[in-house]
Every structure is written in C-alpha cells, then in structure tokens.
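Hi everyone, thanks for coming. I'd like to walk you through one protein today, so let me put the sequence and the structure up on the screen.

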Amino acid sequence: MGSISYLNVFKAKRLLEDGKFFLSTGDLDQAIEAFQGSNQARETADALTYWGWALSLKGQISEAKDLCIRAIALDPEFGNAYNDLGSYLIKEESLLEAIPWLERAKTAKRYDARHFPFMNLGRIYSTLGRVDEAIAEFNKALEIVPGHREVQNVLEQLQNLKKSEVNA
C-alpha cells in the first residue's frame with residue numbers, strides 16, 4: 001500500500017470518528033458530511049452504515065436502507081448494517097421482512113452491540129403476538145447485557161402478559 005493509500009485510510013478513520021462525535025451531539029448535517037467524506041477517502045461498511053444511520057434520523061429511510069445494502073455487500077461480517085437495515089424495515093412496518101436481517105446481525109463476526117438484534121426481534125415477536133419467542137429473544141439480550149434496565153422492564157412486562165394469558 002502506497003503512502004497515498006495510508007493517508008486515505010487515516011483520513012477515512014478520522015472523518016468516521018468526527019462523524020460519530022457529531023452524531024453524539026445531534027449535529028446530523030455535520031455527521032453526514034463527515035461520513036460522506038470518510039467514504040470518499042476510503043469506502044467502508046462502517047462509514048456507509050453510520051451515514052445511513054444519520055440519514056435515518058432525518059427521516060430518509062429509503063436512502064439509509066440503500067447504504068446498509070451497500071455496506072453488507074462491502075463487508076458481510078459487519079453486524080451493524082444488518083441490524084440497522086432490520087430496524088429501518090421495522091419503522092416501515094415490514095416486520096417479517098426485517099427478521100432475516102436481524103438473524104444475520106446476531107451471527108455477524110464484527111459487531112459490538114450484539115444485544116440490539118435480539119431486542120429488535122423481541123419487539124417484532126411481541127408485536128406479532130408471539131410472546132414466547134419475544135421472551136426468548138429478550139432473555140438472550142439480557143445474557144449479553146446483564147442488568148440492562150430497558151430489557152429487564154420489557155421482559156417483565158412480557159412475562160406478566162404470559163401469566164395473565166395462562167390465568168385467563
């Protein structure tokens with residue numbers, strides 16, 4: 001790899017981190033600009049996925065989905081892209097279409113927030129009235145992030161729902 005390539009890799013990483021910072025401050029336009037710049041310096045699944053996430057926060061779901069598809073084609077082991085695509089499909093109420101993407105996210109080799117696809121699947125199954133499957137997914141999420149308050153609360157609600165169904 002030549003010195004130009006190393007500079008592009010460095011620039012891409014720096015802009016990706018800048019974009020994450022801007023996302024954390026709520027500056028979506030600056031975040032999008034940084035992620036686009038990162039992707040121009042060196043196309044990565046990370047830049048594409050985060051760019052899509054920023055667009056989704058602005059309501060541009062179709063564009064966000066397209067970026068996730070590109071990210072998955074570029075790096076099929078990057079779990080964030082699968083989970084994000086699944087979450088966009090959930091927003092569009094395409095619940096059954098979201099399931100295979102979330103299942104892929106669960107097994108992706110490169111993924112830091114492994115509990116998210118379990119939570120998203122739990123939400124889908126809960127919405128579909130498949131309470132046992134929802135409970136199983138939230139239990140798996142809780143194994144990954146023990147003590148996670150949101151997961152515990154939803155799991156408790158589902159278990160109470162299950163008890164009330166049994167007692168009805």
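This is a predicted model: local features need pLDDT of at least 70, side-chain atom pairs count only at pLDDT 80 or more; totals for chains, interfaces and linings use all residues.

Now the overall layout. You can count nine helices here, and zero strands. If you read along the sequence, the pattern is simply α-α-α-α-α-α-α-α-α. Along the principal axes, the C-alpha trace spans about 70 × 30 × 30 Å. As for how the chain meets itself, take the contacts with a separation of 6 or more: 48% of them are between residues 24 or more positions apart.

Of the 168 residues in the protein, 44% are buried. The largest nonpolar core has 45 residues. Which residues have the most contacts inside that core? They are Phe 35, Trp 51 and Ile 124. Let me zoom in on Trp 51. Leaving out residues up to four places away in sequence, Trp 51 touches Ile 32, Phe 35, Gln 36, Asn 39 and Leu 67.

The largest pocket holds about 220 Å³ of space. Its lining is made of 13 residues, and the ones nearest the centre are Trp 53, Asn 80, Asn 83, Asp 84 and Phe 116. Where does the lining come from? Helix H3, residues 45-57, helix H5, residues 79-91, and helix H7, residues 115-127, each supply at least two residues. H5 gives the most, with five residues.

One last stop, and it's a backbone detail. Glu 93 is not a glycine, yet it has a positive phi of about 65°. You'll find Glu 93 in the loop between H5 and helix H6, which covers residues 95-107. Is Glu 93 buried or exposed? Its relative accessibility is 70%, and the cut-off for exposed is over 50%, so Glu 93 counts as exposed.

To recap: we have nine helices, a largest nonpolar core of 45 residues, and a largest pocket to which H5 gives the most lining residues.

Technical notes. Residues are numbered from 1 along each chain as its sequence is written. Side-chain values use heavy atoms; hydrogens and water are left out. On a 1 Å grid over the protein atoms alone, a cavity is a set of points where a 1.4 Å probe fits but cannot get out, and a pocket is an open set with protein on both sides within 12 Å along at least five of seven lines; lining residues have an atom within 4 Å of a point. Grid points are joined across faces, edges and corners, and a volume is the space filled by probe spheres set on the points. Helices (H or I, at least four residues) and strands (E, at least two) are DSSP runs, numbered from the N terminus. A nonpolar core is a set of buried Ala, Val, Leu, Ile, Met, Phe, Trp, Tyr and Cys residues joined through side-chain atoms within 4.5 Å. Buried means under 20% relative accessible area, exposed over 50%, partly exposed in between (1.4 Å probe, protein chains only). Contact means heavy atoms within 4.5 Å.
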